Protein chains: 2
Amino acid sequence: MKLTEAKQQFISNWGAFGTHWGINRTMAQIHALLLVSPDPMTQDDIMEELNISRGNTNMNIRELINWGLVDRVLLSGERKEFFTAEKDIWKVVTQIVKERKKRELEPMLQLLDKLENVEGDKKDKHVKTFVDTVSSIRKLGRQADKTLDRMIRAEESWFVGSLIKIFK
Amino acid sequence: MKLTEAKQQFISNWGAFGTHWGINRTMAQIHALLLVSPDPMTQDDIMEELNISRGNTNMNIRELINWGLVDRVLLSGERKEFFTAEKDIWKVVTQIVKERKKRELEPMLQLLDKLENVEGDKKDKHVKTFVDTVSSIRKLGRQADKTLDRMIRAEESWFVGSLIKIFK
DNA sequence: CCGAATTTTCAAAATATACTGAAAGATAGA
DNA sequence: TCTATCTTTCAGTATATTTTGAAAATTCGG
């Protein structure tokens, strides 16, 4: 397979993959493109390569920057802004975990804390089932939260341990 | 907070949470409802509780059954079908991991294997960056795949280890 | 086998999400 | 400061996804 075709397949599949995880197709595709591009690219480069509008490109680059996955780069002598993606996949994963934890897991845990204190008689099976379920989700969530913190700090844990051997 | 209100908040937030992870709102809400319901429910119960149509209810229940998160239950003397959700959260998580691995991770790994064999001169920096990126994603993915297998088998690993202490 | 009860299907409608492109805003060199 | 270049915004449009509801299919007791 030729590079051009391989690149297209990678980008298109990465986009589809992203949509299964609540990430919009274009954002995932821009990320994929930058991941496999050796040099920083401009908005116009990206627009052209992916056949998308200026507005769309701009919006999704910004979002990628917010997620900490893409950086703005200024090349001396160039007026335009260039963009580049972090290539160390372990860092990419860590960054995504960090953000999703903050945006989704933590608010969910706060909610569960609140819901666990529902009024009512624990002998009522409806109350009991509700409290038990919420409580077990909360516990699992808290545990995951702690573990992910450890992973982010990249100091211990099996996952980091086994992966660090491969990547560092 | 009263049970009714708590239940509603749980269901509605679980639905919103799901959408961030590529799961449709209704499916997540039905799951949430069944999770906190002590007894099996019929389609009509669910329709009424969540104010959704028969078709929608039916389709999403089926999908939850496909995911292995909900079971059809036949109560003796009852013509209607009843539905119930697995309440053991660890089993729920394992089941979701198992399915997503099969549906998303494995196909992605197959693609990456193929793409890593792109033609071309490795000294060309475009080829090199492509191959390096694909290769590092593939390696991380393979590692994750193995680890998740272990987690599914629930026989070892930090995560299981630390969680099993809490849940079993 | 009949027919009422129940479940499933799916085309059409509703809703939610993403994308475009032109205009406004910002920036930097002359 | 002025102007050409580049970036950002956002209302309108397009696309994708979800939901409805009525009709078709299935099921089960008699």
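Select B:Asn51, which is exposed, with a relative accessible area of 72%. Remember as you click around that you are looking at a predicted model. B:Asn51 sits in the loop between α3 (43–50) and α4 of chain B. Now check its backbone: B:Asn51 has a positive phi of about 55°, although it is not a glycine. That deserves a second look because most residues other than glycine have a negative phi.

Next, pick A:Asn51. Where is it found? A:Asn51 lies in the loop between α3 (43–50) and α4 of chain A. Its phi is positive too, at about 55°, and A:Asn51 is not a glycine. Is A:Asn51 buried or exposed? With 70% relative accessibility, A:Asn51 counts as exposed.

**Second stop: chain A as a whole**

Zoom out and colour chain A by secondary structure. Trace them from the N terminus and the order is α-α-α-α-β-β-α-α-α.

Along its principal axes, the C-alpha trace spans about 70 × 40 × 35 Å. The radius of gyration of chain A is 21 Å, whereas a compact globule of 168 residues would have one near 15 Å. Of the 168 residues in chain A, 46% are buried.

Show DNA strand C and select the protein residues around it. How many residues surround DNA strand C? There are 16, and the closest are A:Thr26, A:Ser53, A:Arg79, B:Asn58 and B:Glu81. Sugar and phosphate make up 66% of the atoms of DNA strand C that come within 4 Å of the protein.

- B:Arg62 has a polar side-chain atom 2.9 Å from a phosphate oxygen of DNA strand C.
- B:Glu81 uses its backbone here: one of its backbone N or O atoms lies 2.8 Å from a phosphate oxygen of DNA strand C.
- B:Arg79 reaches a base: an N or O atom in its side chain is 3.2 Å from a base nitrogen of DNA strand C.

Then highlight α4 (54–66) in chain A and α4 (54–66) in chain B. Each of these helices supplies at least two residues of the surface near DNA strand C. The largest share, 4 residues, comes from α4(B). If you colour this surface by class, you will get 1 nonpolar, 8 polar and 7 charged residues.

Move on to DNA strand D, which is surrounded by 18 residues. The closest are A:Asn58, A:Glu81, B:Thr26, B:Ser53 and B:Arg79. Among the atoms of DNA strand D within 4 Å of the protein, 65% belong to sugar or phosphate, and the rest belong to bases.

- B:Thr26 places a polar side-chain atom 2.7 Å from a phosphate oxygen of DNA strand D.
- B:Asn56 has a polar side-chain atom 3.2 Å from a phosphate oxygen of DNA strand D.

Which helix gives the largest share of the surface near DNA strand D? That is α4(A), with 4 residues. The α4 helices of chain A and chain B each supply at least two residues of this surface. By class, the surface near DNA strand D divides into 2 nonpolar, 9 polar and 7 charged residues.

**Last stop: the rings**

Over all chains, the structure holds 7 aromatic pairs. Select A:Phe130 and B:Phe10: their ring centres are 6.1 Å apart and their planes stand at 80°, so the pair is edge-to-face. A:Phe130 lies in helix α6 (residues 125–153) of chain A and B:Phe10 in helix α1 (residues 3–19) of chain B, so the pair joins two chains. Both A:Phe130 and B:Phe10 are buried.

Now select A:Phe10, A:Trp14, A:Phe17 and B:Phe130, which form one aromatic cluster.

Finish with two places where a charge meets a ring. The charged end of A:Arg100 sits over the ring of B:Trp21, 3.9 Å from the ring centre. Within chain B, the charged end of B:Arg103 sits over the ring of B:Trp67, 4.0 Å from its centre.

Conventions: Residues numbered from 1 in each chain as written. Chains lettered and ligands numbered in written order. Heavy atoms only, no water. Near = heavy atom within 4 Å. Polar contact = N/O pair within 3.5 Å; in protein donor to acceptor, adjacent residues only side chain to side chain. Nonpolar A, V, L, I, M, F, W, Y, C, P; charged D, E, K, R; others polar. Phe/Tyr/Trp six-rings, centres within 6.5 Å; stacked < 30°, edge-to-face > 60°. Buried < 20%, exposed > 50% of the residue type's maximum accessible area, 1.4 Å probe, protein only. Lys NZ or Arg CZ within 6 Å of the ring centre and 35° of its normal. Rg over C-alpha atoms; globule rule 2.2 N^0.38 Å.
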